[in-house]
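Please look through the structure below together with its sequence, and then follow the notes on helices, strands and charged pairs.

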Amino acid sequence: YVIGERAMNKMTKSNVFLSGLGGLGLEIAKNVTLAGVHKITLHDTALASYSDLSTQYFLSEKDIGKNRALITKSKIQELNPYVQVDVSTDDLNGSLEFLSQYQCVVLTEVPLPVQIKINEFCHSKDICFVSADCFGLFCRGFCDFGNNFEIHDLSLIHI
């Protein structure tokens, strides 16, 4: 899989905010870090529980009761030492201005009213927004890459 030089250069300069370090969030964090973004901020307010042990493979029983983002940070950092990995445990219900430093915001396990509020903020600031969740065999995803997002096919024809 090749994304091209222009896309790769853009990605290596990107800062990504990821909220929700359950199973899906962990997979996203792993893949984004391995891809080589400039910085990823892992956000979570949830504490690790026994049910997390079935999907969040960086957790163990000794982590029960600890913040999932704080526990996961060092493991994600080990995957790619060239990526800056930060952690946030702040509530997302306050001011969203801090999100202005990111080129992409990804939400998992976030209530719908908060997702809508964050998407509206991101859309107004031309920040890419992705929201996804898994519920057993079922999942959902939503992407808003802004008004200036363009898709080109392999022959570089504008779609």
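## Buried and exposed

A residue is called buried when its relative accessible area is under 20%, exposed when this value is over 50%, and partly exposed in between. The model discussed here is a predicted one, and these terms are used for its residues throughout.

## Salt bridges

Side chains of opposite charge can pair when their charged atoms come close. In the whole structure, a search finds eight salt bridges. One of them links Asp63 with Lys62, where the closest N and O atoms are 3.8 Å apart. Asp63 has a relative accessible area of 6% and is therefore buried, whereas Lys62, with a value of 64%, is exposed.

Another salt bridge is found between the side chains of Glu97 and Lys125, at 3.9 Å from N to O. Because Glu97 sits in the loop between β3 (84-88) and β4 (104-107), while Lys125 sits in the loop between α4 (112-124) and β5, this pair ties together parts that are 28 residues apart in sequence. Both count as partly exposed, Glu97 with a relative accessibility of 45% and Lys125 with one of 40%.

## Asp133 and its surroundings

Asp133 belongs to strand β5, and its relative accessible area of 9% means that it is buried. Its side chain meets that of Arg140 in a salt bridge of 2.9 Å, N to O, and Arg140 is partly exposed, at 29%. A polar atom of the Asp133 side chain also lies 2.7 Å from the backbone nitrogen of Glu109.

If residues up to four places away in sequence are not counted, the residues that Asp133 touches include Leu24, Thr108, Val110, Gln115 and Phe138.

## A nonpolar patch

Strand β5 covers residues 128-135, and Phe135 is part of this strand. With a relative accessibility of 52%, Phe135 counts as exposed. Together with Leu137 and Phe138, Phe135 forms a nonpolar patch on the surface, and the three have about 450 Å² of accessible area together.

## Helix α2

After α2 comes Gly36, which has a positive phi, near 95 degrees.

Methods
Residues numbered from 1 in each chain as written. Predicted model: local features only at pLDDT ≥ 70, side-chain atom pairs only at ≥ 80, totals over all residues. Heavy atoms only, no water. Patch = residues over 30% accessible without salt bridge, like charges linked within 9 Å, V, L, I, M, F, W, Y side chains within 5 Å. Areas by Shrake-Rupley, 256 points an atom, 1.4 Å probe, with all protein chains shown as cover. Salt bridge = Lys/Arg side-chain N within 4 Å of Asp/Glu carboxyl O. Helix = DSSP H or I, 4+ residues; strand = E, 2+ residues; numbered from the N terminus. Buried < 20%, exposed > 50% of the residue type's maximum accessible area, 1.4 Å probe, protein only. Polar contact = N/O pair within 3.5 Å; in protein donor to acceptor, adjacent residues only side chain to side chain. Contact = heavy atoms within 4.5 Å.
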